[in-house]
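Here is a short briefing on one helix, its neighbour and a chain contact.

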Amino acid sequence: MPLLRIGIVLFENTCAELERVARSLHASELAPGLSVESRVLDNSADRRLEPLTAELLGKGVYAWTGANRGYGATHNRAMREAFSAGADAYLCLNPDAVLHPRCLSELWASAAPAETGLVDARTFPEEHPKPYDPETGDTPWCAGTALLVRPAAFTATGGFDEALFMYAEDVDLSWRVRAAGLRTRTAPGALVHHWVEHRPLTLERELRVLQSAAYLGRKWGNTVFARRYDRLLRARTRKPVESERPVSVAGADRIVADFAHGVRFARSRW
Amino acid sequence: MSAAPRIHVHLVAWTDEPWDLEESLFSLVTQHEVVPSVSVAVPAANEGFARAACERLTRLGGAAELQVGTPPGWSAEAQAVAVWVAGTVATPDHLARALALCGTASAIAPARRVLRRPVPGRPPYALRKTRRFTSASPSLEELGRDPAFLGRCLVATARAPGWLPAHPEDHRRWAAEAWSSGPVARVAGPPSVDIPDLRTERGVRSLDDVRDALAELRYQGPRWIERRAPLTFDRLRGWYNRMRDRAR
């Protein structure tokens, strides 16, 4: 029986958020024969959410990491666990998201073709403006809100780049998956409610975006793009910026990267 | 703690597109701080699908009540009424923000038009979303160029016509009755409603169309600069904010 492991990484989330996401998991319609299990890794300062997680999702699901290791590093740990336990796919799911009841079955159906590496759900009510092919679902990169990862994609890439603490780690993973010859798809019928547009852009969040953008530019060989965002980062912080030196991606693989559309990393439909 | 206010939403499907219904219902069950009572009017052939959609979205556990069919009216507890065409989608705070205005006027939310392409067996593909110009007190003429315009409006039950509209011509008649019963005002802030672009004529034919184009340009222009020259954009934004603060 195929197994889908759902990984949720917590960091100081509210009980209401955890309740909403758990309720949506329980309301999910599953593809016939598909088995689903959850894993919750908590990067919070304490284990406050452990009892509620056990109540909502079952005992043995929760693990406290003891430190905030970031989205990518924590999902990598959960993915290693999942694939070594024989999971056929792993879903990175944001704790502040709500799955539409058909989301899991639509994601699973879109992941069926053998060459599929990643499949993302369509964010709702504000759909991401990056394009996808309405017939095949092919998309330049997959968003991390509800991101299904096939074992082949994890094997080929090792998962997220852990140097990217927050933002653009999904873009980087998608490009590496495509460079490895696998496909990145959107499942148009998979809706995930994730409303963040009303949240204020704090300076901390803005700096994280700029850091990640500059890092991505350096890693994928676009020095003009990297310099542009490093300069902006310096202007925003008003002090010299320590730039991390990533391992550069091989020249032939750089063809999949798109730096022509700023930090959207793809043409925008709107 | 007082109970969340109740709003009646009449959701009308004009097409056989099941995803339009699904997305509007998903948007309604995820509204914050209000309890939507939703009546769903669909062609008879789609009633089975509509019932299944209502049942599956109720499982998400929100406070919304969903039922298929057109009731004779709304419950006495409802404080306001909205009429959505299937395919309309709103931000989770839309109904609560519009309701806050409903004490003094019928509320009109800023909106975007969504031009879609049907895809057999899959959800329609959104080709573009464009911002609409919304004046401070929008006229029926300004709004009515979009057949699905009622999705932007919320009318207090005391001022709402006592019937629920079905066809496009009913929507205009319903709106005309609502407009004649009191003032109309725009909800502040960015667009909170996406309405399906169901127009048959999309050319620039009036001053309102030009205003729409300018509203879109006003939004997209800075985004265009931000993507191509982020440092220049950051400096321009800084100057703009300083000038605005000085003017206050």
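The points below go from the helix to its packing and then to the interface.

This is a predicted model: local features need pLDDT of at least 70, side-chain atom pairs count only at pLDDT 80 or more, and totals for chains, interfaces and linings use all residues. Residues are numbered from 1 along each chain as its sequence is written, and chains are lettered from A in the order in which they are written.

**Helix α1 of chain A**
- α1(A) has twelve residues and reaches 16 Å from first C-alpha to last.
- Buried residues (20 or more other C-beta atoms within 10 Å of their own) in α1(A) include A:Leu18, A:Val21 and A:Leu25.
- The buried residues of α1(A) pack against β1, β2, α2, β4 and β5 of chain A.

**Packing of α1 and α2**
- α1(A), residues 15–26, and α2(A), residues 50–57, pack at about 15 degrees, with axes 10 Å apart.
- The two helices, α1(A) and α2(A), are therefore roughly parallel (angles under 35 degrees).
- Their crossing, α1(A) with α2(A), is right-handed.
- A:Cys15, A:Leu18, A:Glu19 and A:Ala22 of α1(A) meet A:Leu52, A:Thr53, A:Leu56 and A:Leu57 of α2(A); contact means C-beta atoms, placed from the backbone, within 7 Å.
- By class, this contact of α1(A) with α2(A) has six nonpolar, one polar and one charged residues.

**Contact of chains A and B**
- Chain A gives 27 residues to the contact and chain B gives 28.
- On the chain A side, α1, β8 (183–193) and α8 (223–237) each supply at least two residues.
- The largest share of that side, five residues, comes from α8(A).
- The chain A side divides into 13 nonpolar, seven polar and seven charged residues.

Key:
Axes fitted to C-alpha atoms, helices over the stretch in contact; angles between N-to-C directions. Helix = DSSP H or I, 4+ residues; strand = E, 2+ residues; numbered from the N terminus. Parallel < 35°, antiparallel > 145°, perpendicular 65-115°, else oblique. Left-handed = near helix turned anticlockwise from the far one by under 90°. Contact = placed C-beta atoms within 7 Å. Nonpolar A, V, L, I, M, F, W, Y, C, P; charged D, E, K, R; others polar. Expected span 1.5 Å × (residues − 1). Buried ≥ 20, exposed ≤ 12 C-beta atoms within 10 Å, placed from the backbone.
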